[in-house]
Amino acid sequence: MVRDVEDVIIKTIARIMVPIMQVYSLYVYVHGHISPGGGFQGGCIMAASFILLAVAFNLGEAKRRLKEKAIAVFCSLGVFIYAWTGVVPLFFGGNFLDYSKWSHILPGGEVMARYYGMAFIELGVQIAVMAVMVSIFLDLVTAGRHEEVLGKDDDGFYSR
Amino acid sequence: MTYIAGIFILAGVFFFLAATVGFLRFPDLYTRMHATGKGDTLGLLLCIVGLALYNGCINQSWNGLVQGVKIISIAIFWFIASPTATHALLRAAFESGVKPWTKDGVVVIDKGEDGKET
């Protein structure tokens, strides 16, 4: 199933495109409040850069850049950031995700507190989406083994 | 200036049209990708240059210049990525043994079991 084809063109272009995609995903995240974009889209682009690494080189290269432990940690970290951005206003008498109550902690008044709140939320979404997308990709292409599938035997897929 | 932008966009649309006609009319995968890979790349480049010029006409400010640079950067990345994607697709097709079309059906290039091109 997997053929090791040394292709200089694809590898060179992937090496050029991956950092550009990652910077662009951060741009989409940061610029999300005045243009189309935000955490989900930025996270998807960030995940696509790692998927491009896995497709252009091999799975080991992508796993070397983004370890599986890191993927698990990032999955939880994104949800953690999102949840605590919502829970902290509860301590100051607001509702869940009531960003204006962040002004008790952060400087700049209620308007800036709303801005910070949105930024935190989107950061959490970005991290979680990035990790989950890469995780789903790993599960799908390797039939759940997280190693490169080389072919099929009687029991199913076998890996390296 | 707006007319120049219009000419660019119309030329881009023409190349898109040619690419689509080639995609529909050509006989096999390689020739179809030959048409779409080239036509789409140049068509999108011309369209985007036209849009950047038009944006420069209607929005003559620093913000408009920044938008123009962003639009041009889309064209640059597309110009890098699209031919590479075409190359990867065709390479994968050739590696998995899709035979190129010939007029009389004779296989000219064949990737045999030993991996040698004959």
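In chain A of this predicted model, residues 24 or more positions apart account for 54% of the contacts with a separation of 6 or more. Chain A counts 160 residues, and 31% of them are buried. Its fold is built from 5 helices and 2 strands. Reading from the N terminus, the order of elements is α-α-α-α-α-β-β.

Let us begin with helix α1 of chain A, which covers residues 8-30. Its 23 residues reach 34 Å from the first C-alpha to the last, close to the 33 Å expected at 1.5 Å a residue. Along the way there is a kink of about 25° at Met17(A), shortly before the proline Pro19(A). Met17(A) is also one of the buried residues of α1(A), a group that includes Ile10(A), Ile13(A), Ala14(A) and Met21(A). Further along the helix, Ser25(A), Val28(A) and Tyr29(A) are buried too. What covers these buried residues? The cover includes α2 and α5 (109-141) of chain A, together with α3 (62-95) of chain B.

Next comes helix α2 of chain A, residues 39-56, where Gly39(A) is found. Is Gly39(A) buried or exposed? Gly39(A) is buried, because 25 other C-beta atoms lie within 10 Å, and 20 or more is enough to count as buried. Leaving aside residues up to four places away in sequence, Gly39(A) touches Tyr29(A), Gly32(A), Glu122(A), Leu123(A), Val125(A), Gln126(A) and Val129(A). Gly39(A) can also be placed relative to Ser25(A): the two are 14 residues apart in sequence, and their C-alpha atoms are 8.9 Å apart in space.

Now for chain B. Two packed helices are described by the angle between their axes and the distance between the axes. For helix α2 (residues 29-58) of chain B and α3(B), the axes come within 9 Å and cross at roughly 175°. Angles over 145 degrees count as roughly antiparallel, so α2(B) is roughly antiparallel to α3(B). The residues of this contact divide into 19 nonpolar, 9 polar and 1 charged.

Finally, the two chains meet. The contact takes 8 residues from chain B and 9 residues from chain A.

| Contact | Nonpolar | Polar | Charged |
|---|---|---|---|
| α2(B) with α3(B) | 19 residues | 9 residues | 1 residue |

Methods
Residues numbered from 1 in each chain as written. Chains lettered and ligands numbered in written order. Predicted model: local features only at pLDDT ≥ 70, side-chain atom pairs only at ≥ 80, totals over all residues. Contact = placed C-beta atoms within 7 Å. Helix = DSSP H or I, 4+ residues; strand = E, 2+ residues; numbered from the N terminus. Buried ≥ 20, exposed ≤ 12 C-beta atoms within 10 Å, placed from the backbone. Expected span 1.5 Å × (residues − 1). Bend = angle between axes of the 7 residues up to and from the residue. Axes fitted to C-alpha atoms, helices over the stretch in contact; angles between N-to-C directions. Parallel < 35°, antiparallel > 145°, perpendicular 65-115°, else oblique. Nonpolar A, V, L, I, M, F, W, Y, C, P; charged D, E, K, R; others polar.
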